[in-house]
Amino acid sequence: MSIRRSFVMFSALATLVVTSGCHSKAPVVVAPPRPLSDSAAAAVRWIDLRAVAVTVRDSTQLIIDRAPFVAFVGNARVLGVSELTEGTHQFGALMLSMLQTLSSEGFRGLAVQAPMAEAMELDRYVRTGVGNPRQWLRSLGSPHWNTQELLNMVEWIRNYDRDHTGAEQIGFYGFELPNAGHAVSVVTTLPDSIAGSSLNAWLKHEIQCVPTGESAAWGRDGPASDSTFWNRCRGETAAVVDSLGALRARLGSRPSAQASVAFAEQMARLTQHDADVGLRRLPRHQTVADHIMWVVSSLGPDAKLLVWGRDVESGRLTGEGGVVQSAVPLASTLGDRYRNLAFTAGQGVVRAQPINVGQREPGGETNMRLRAARPESYEDVLNHTTMDNFLLDLRTIGSEPGSGWLKGPHQARLVSGIYSESALGIFETTLQFPTYYDGLLFSKNATPATPLRR
């Protein structure tokens with residue numbers, strides 16, 4: 001129970017006593033906040049001296065101070081951000097503020113943890129204005145993406161791209177590839193008036209290897225389960241890409257038809273990438289890392305990418321049961337050109353799917369109040385800081401007096417799409433700084449993300 005709520009209850013009780021003149025009750029005793037350990041208190045003082053306050057404008061916009069943020073990002077080619085506390089308005093607003101700042105620093109894409117083919121429809125929208133962004137946000141498969149906060153991000157990119165062309169535009173991407181079904185559909189539904197019936201028939205035949213291969217169980221399901229099949233599929237998808245490129249070149253006098261073929265060619269390149277990854281039979285963390293590197297490479301040799309990772313996806317850590325996050329191979333590939341941030345909230349309300357312990361499936365999303373942070377957890381200590389919203393560079397932790405407590409390991413809240421107010425330990429994870437994250441974004445008071453209405 002909060003101090004404010006306790007005070008209101010005490011006032012109401014006092015009023016009843018005065019008006020009734022009888023049945024007096026003992027006053028409500030409000031327990032003082034639990035004191036921090038000496039090392040945690042020293043960490044709070046260290047944070048208060050070094051954190052960079054995030055400005056709140058018009059109660060909804062969060063503005064990150066440009067100079068320290070750009071200095072933190074440095075020469076990173078990929079900036080990954082983990083949304084440890086999901087379902088908040090604050091995180092979407094912070095991501096928009098970061099992209100606005102990084103747009104002048106060579107960042108040319110935003111990648112979210114959503115299906116790659118469907119996200120390409122949103123990329124098409126921000127670059128050309130073709131399509132309905134609300135429809136494609138719904139198609140990303142999770143209510144987590146169907147929010148006003150993400151739509152604000154999409155519309156900002158669209159407005160930016162109106163004033164820029166070619167490699168100067170910012171793209172919108174996904175980095176999960178559950179299947180390439182939508183990409184195959186785009187490639188195989190070009191009208192005959194553009195591609196011709198013979199080419200269309202050939203495209204459908206050649207690219208069929210992708211859904212066939214995706215439906216196979218490796219080593220157990222016929223020819224699609226071996227590398228010989230996937231090697232052949234790599235050649236077939238490459239031929240599809242080349243044929244669509246040649247068709248696009250022939251349609252130079254028909255700009256509308258040329259644009260349709262260019263989009264189909266982009267989808268064909270995704271199927272080619274899918275064949276490459278399928279052939280290698282990589283574990284999930286390496287596959288996702290390859291998707292992210294494929295996206296950033298497609299932006300050009302000097303372009304940079306902002307990555308919106310859910311829960312701990314962007315953290316350099318291995319979780320319980322040996323689950324490795326995609327940031328581990330990313331950091332191995334990019335070295336100091338990979339940098340990351342964790343976002344968490346101290347208290348307030350989030351939008352999540354409620355679930356009870358033992359319940360198999362969560363219900364629909366609703367607004368849920370965060371349970372009070374565990375004593376001496378990261379959120380508990382961060383709640384004692386003087387700033388409500390801030391950015392903190394964690395890279396000097398351990399080398400400066402007073403920062404030692406922050407190294408951890410300590411518990412941190414982990415709200416990833418589902419939540420229960422009655423089961424604290426399930427929605428926590430163990431973190432270490434700066435081993436797992438280079439920096440931290442913190443909002444003391446969370447408000448829920450706003451779901452889009454049809």
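**Cores, pockets and buried loops**

Q: Which residues touch the most other members of the largest nonpolar core?
A: In this predicted model, L244, M267, I292 and L305 touch the most other members of the largest nonpolar core, which has 53 residues. The largest share of this core, nine residues, comes from α13.

Q: What makes a set of residues like this a nonpolar core?
A: The members must be buried residues of nonpolar types, joined through side-chain atoms within 4.5 Å. As a general background, nonpolar side chains tend to be buried together in soluble globular proteins. Another core lies apart from the largest one; this other core has 44 residues, among them F69, F91, V126 and L441.

Q: Which residues is L244 in contact with, leaving aside its neighbours within four places in sequence?
A: Here the partners of L244 are V187, L190, L203, V261, A264, E265 and A268. Contact means heavy atoms within 4.5 Å, and each of these residues meets that test with L244.

Q: How do you know that α13 spans what is expected of a helix?
A: The expected span is 1.5 Å times one less than the number of residues. For the 26 residues of α13 that comes to 38 Å, and the helix reaches 38 Å from its first C-alpha to its last, close to that expectation.

Q: What does α13 give to the lining of the second largest pocket?
A: α13 gives six residues, the most of any element. Two or more residues also come from each of α5 (116–128) and α14 (284–298). The pocket has a volume of about 690 Å³, and of its 21 lining residues, D123, R127, Y173, A262 and Q266 lie nearest its centre. By type, the lining divides into nine nonpolar, five polar and seven charged residues.

Q: What makes a space a cavity rather than a pocket?
A: In a cavity a 1.4 Å probe fits but cannot get out, whereas a pocket is open. A search of the whole structure finds four cavities of 30 Å³ or more. The largest cavity holds about 120 Å³ of space. It is lined by 14 residues, with G87, T88, H144, T147 and A449 closest to its centre. That lining divides into five nonpolar, five polar and four charged residues.

Q: Why is L317 called buried?
A: Buried means under 20% relative accessible area. L317 has a relative accessibility of 5%, so it counts as buried. Its place is in the loop between β7 (304–310) and α15 (327–334). Leaving aside neighbours within four places in sequence, L317 is in contact with V312, V323, V324, Q325, V328, Y436 and Y437. The C-alpha atoms of L317 and L431 are separated by 8.5 Å, although the two residues are 114 residues apart along the chain.

Q: How many residues, helices and strands does the protein chain have?
A: There are 16 helices and 14 strands, and buried residues make up 51% of the 454 residues. Among contacts with a separation of 6 or more, 76% are between residues 24 or more positions apart.

Definitions and conventions. Residues numbered from 1 in each chain as written. Predicted model: local features only at pLDDT ≥ 70, side-chain atom pairs only at ≥ 80, totals over all residues. Heavy atoms only, no water. 1 Å grid on protein atoms, 1.4 Å probe; cavity = no way out; pocket = protein on both sides within 12 Å on 5 of 7 lines; lining within 4 Å. Points joined across faces, edges and corners; volume = space filled by probe spheres on them. Nonpolar A, V, L, I, M, F, W, Y, C, P; charged D, E, K, R; others polar. Helix = DSSP H or I, 4+ residues; strand = E, 2+ residues; numbered from the N terminus. Buried < 20%, exposed > 50% of the residue type's maximum accessible area, 1.4 Å probe, protein only.
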